[in-house]
Amino acid sequence: MGQQLGSLATRGTFIALHGELGSGKTCFTRGVVATAAPESAHLVASPTFAIMNEYTGAIPVYHFDFYRLSSCHEIAELGFEEYLHAGGICIAEWSERLGELLPPDYLSITFEHAGDDQRHIIFEANGSESEGLLTQFATLEKTVIFSLT
Ligand SMILES: Nc1ncnc2c1ncn2[C@@H]1O[C@H](COP(=O)(O)OP(=O)(O)OP(=O)(O)O)[C@@H](O)[C@H]1O
Ligand SMILES: [Mg+2]
């Protein structure tokens, strides 16, 4: 699924990931990078300690993990907003920490444990750009639960 989404995402796409520890956010990101920036796909790891990893490629991918940050003020101080306009795909683990820093248009993806090796993955579009992206994605992926808001 991450690979499908990575093939459709464009510069400026913002993907907000939600879900408890070990629910599959980094795994999904690896898929997105595999198609958006394949030359860097082998580098994708959890950026929990780095806060942000950048993967260079045809479209750069900025991979954030805000687990260790508690407020949007801390995130703002790290220069997060510059990446929103840097011409890449942004994908953020623990994106709920962003609060008011979330951009106006973003694709939200929620991961839920559904057994040891199974996940429910729920897609929600917020804004017209992400709605277009999700509509395209849904034609490729028939098994997802998604809602257009
Ligand atoms: N879609 C999936 N289906 C089944 N198992 C999965 C799926 N995605 C990930 N996993 C399993 O869950 C483990 C944890 O995944 P991952 O590291 O991506 O979680 P995470 O949400 O990034 O966790 P964290 O919050 O700690 O960053 C993986 O090693 C893999 O075994
Ligand atoms: Mg992770």
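Q: Where does Pro60 lie?
A: Pro60 is in the loop that runs between strand S2 (52–55) and S3. Keep in mind that this is a predicted model.
Q: Is Pro60 buried, partly exposed or exposed, and why?
A: Pro60 counts as partly exposed, because it has 19 C-beta neighbours inside 10 Å. Buried would take 20 or more.
Q: What does Pro60 touch?
A: Leaving out residues up to four places away in sequence, Pro60 touches Ala37, Glu54, Tyr55 and Gly88.
Q: How far apart are Pro60 and Ala86?
A: Their C-alpha atoms are 9.0 Å apart in space. In sequence, Pro60 and Ala86 are 26 residues apart.
Q: On to the largest nonpolar core. Which residues touch the most other members?
A: Ile15, Val32, Val61, Ile91, Ala92 and Leu107 do, out of 35 residues in that core.
Q: Which elements each supply at least two residues of this core?
A: The strands are S1 (14–18), S3 (61–65), S4 (89–93), S5 (106–113) and S6 (119–126). Helices H2 (25–36) and H5 (128–140) do too.
Q: And what does Ile91 touch?
A: Ile15, Leu17, Thr29, Val32, Val61 and His63, again not counting residues up to four places away in sequence.
Q: New topic: ligand 1. Which residues come nearest?
A: Gly24, Lys25, Thr26, Cys27 and Arg119, of the 13 residues around ligand 1.
Q: Which element gives the most to that shell?
A: H2, with three residues.
Q: How do the shell residues divide into nonpolar, polar and charged?
A: Two are nonpolar, seven polar and four charged.

Methods. Residues are numbered from 1 along each chain as its sequence is written. Chains are lettered from A and ligands numbered from 1 in the order in which they are written. This is a predicted model: local features need pLDDT of at least 70, side-chain atom pairs count only at pLDDT 80 or more; totals for chains, interfaces and linings use all residues. A nonpolar core is a set of buried Ala, Val, Leu, Ile, Met, Phe, Trp, Tyr and Cys residues joined through C-beta atoms within 7 Å. A residue is buried if 20 or more other C-beta atoms lie within 10 Å of its own, exposed if 12 or fewer, and partly exposed in between; C-beta atoms are placed from the backbone. Helices (H or I, at least four residues) and strands (E, at least two) are DSSP runs, numbered from the N terminus. Two residues are in contact if their C-beta atoms, placed from the backbone, lie within 7 Å. A residue is near a molecule or strand if its C-beta atom, placed from the backbone, lies within 6 Å of it. Ala, Val, Leu, Ile, Met, Phe, Trp, Tyr, Cys and Pro count as nonpolar, Asp, Glu, Lys and Arg as charged, and the others, Gly among them, as polar.
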